[in-house]
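Okay, thanks for coming, everyone. Let me put the model up and we'll walk through a few bits of it.

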Amino acid sequence: MAGNPEPPARRTVRAAIVLAATAIAAFGLVAVVHEATRDRIAATARARELARFDQVLGGLLHDNDLLADTLTLRDPELLGATEAVTAYRARFHGQPVAVVLESVASDGYSGAIRLLIAVARDGTILGVRTVSHHETPGLGDFIDASKSDWMQRFTGKSLGNPAATRWRVRKDSGDFDQYTGATITSRAVVGTVGRTLEFFARHRDELLGDELLAAPATIQP
Amino acid sequence: MTPAAILRAGFRDQNPGLVQLLGLCPLLAVSTSLGSGLGLGLATLAVLIASNGLISLVGRSLPAEIRIAVFVLLIAALVTAVELALAAWLPGLHAALGIFLPLIVTNCLVLARAEAFASRQPVGNALLDGFAMGGGFLVVLVALGSVREVLGRGSLGGDLHALLGTGGPTSGWHLFGEQHGFLLALLPPGAFILLGLGLAWRQARQAAAPASASGAALTGGVPGEAAS
């Protein structure tokens, strides 16, 4: 290049062509890899979600595809998320038997705590799992099922057991033990689970009813 | 440069983690355990070898004005390809590395080696430099990750099973219960302190070595820049 000076205009055009060619080549590489991995990635994500549903449903019998039977919800006050969240319905022989609700605790110690809460037909909790969180490792990560079984204390509870006003940690004169050293995290999770139950109570018929379901194939007794 | 000199630079004299201090953000953030350190180290190593090789092939024919832009494009495409491949075949590792995997694009180590070394050297040397620099980074990541995991969790390699997807309930050695761990080691300040100790150890070794060998490495910066 140095020994053979080009006119500036040609130089610019050449640079533009090289840059465009690189962009196309880079795009091509990503496109090929994306195409080769897409099905595997989708299958992995699906398997992970289904495994998570199995955990929160606690072995409850159901025979439908939860990922295909969803409702889109938006209730920043009770579900904690400003954006829309998803509810997944579990059915057995067409009958809704439980709803798995996404819910967000935004008043944790560090960022949003995303929860998955399975509520049975009668309003009792089948299971609660943390989907993602940014709580302090070693202090606030007890909400992770792989670290402690603290989250299991919600299983079997409902809005009447304990009463709605008792859905707090003991420090706030509620019925739930806070995890030592992580009151803020405990408070956020207990409050969010309680509010999610309240959402379920208010919208029970819509959540369990069939009228919102697009596919009319299910049987209503 | 001789192959031995390139290897020595990457692993010791110009070690990215302990001498050049490149890519500190992922280094400090991800090295919470042996497993995640190893995972990010291997991903960075793969990207570095591929980007060095590719850039050595095209680097010298590029107009100066767009050289950096082309490097960034190529590195970004490579990192995206590695990320997709990990998501498909090693989902556990992909989840553990999280945002730091796509952020390899912004790891200054990768661009620094492309600009300062790979674009001026034959392919063989560039590939070897990618291996040496990536390997040097990997060693520091694994060392820091191991120390932090032992101090903070009382285990070593305790999350390897999740990363490799072998399915076993546990892996690695468990020296003492996690509740007795030294929490600071797992938090960002602990990462800074331990890396600082590593730097001090390295400087002490430098100071003990003959002056002729130590001076060049400490002040030399990136070797390719001196050559240009």
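So, H4(B) passes H6(B) in a right-handed crossing, meaning that the near helix is turned clockwise from the far one by less than a right angle. Helices here are DSSP runs of H or I, at least four residues, numbered from the N terminus. This is a predicted model, where local features need pLDDT of at least 70, side-chain atom pairs count only at pLDDT 80 or more, and totals for chains, interfaces and linings use all residues. Residues are numbered from 1 along each chain as its sequence is written, and chains are lettered from A and ligands numbered from 1 in the order in which they are written.

Who makes the contact? From H4(B) we have Ile68(B), Phe71(B), Val72(B) and Ile75(B), and from H6(B) there are Val110(B), Leu111(B), Ala114(B) and Glu115(B). Contact means C-beta atoms, placed from the backbone, within 7 Å. That set splits into 7 nonpolar, no polar and 1 charged; Ala, Val, Leu, Ile, Met, Phe, Trp, Tyr, Cys and Pro count as nonpolar, Asp, Glu, Lys and Arg as charged, and the others, Gly among them, as polar.

Now the two chains. Chain A puts 19 residues into the contact and chain B puts in 20. On the chain A side, it's 11 nonpolar, 5 polar and 3 charged.

How far do we trust it? The model scores ipTM 0.72 and pTM 0.71. Chain B averages a pLDDT of 81, on the predictor's per-residue confidence scale from 0 to 100. Residues 212-228 of chain B, though, are below 50.

Terms used:
Two residues are in contact if their C-beta atoms, placed from the backbone, lie within 7 Å. Helices (H or I, at least four residues) and strands (E, at least two) are DSSP runs, numbered from the N terminus.
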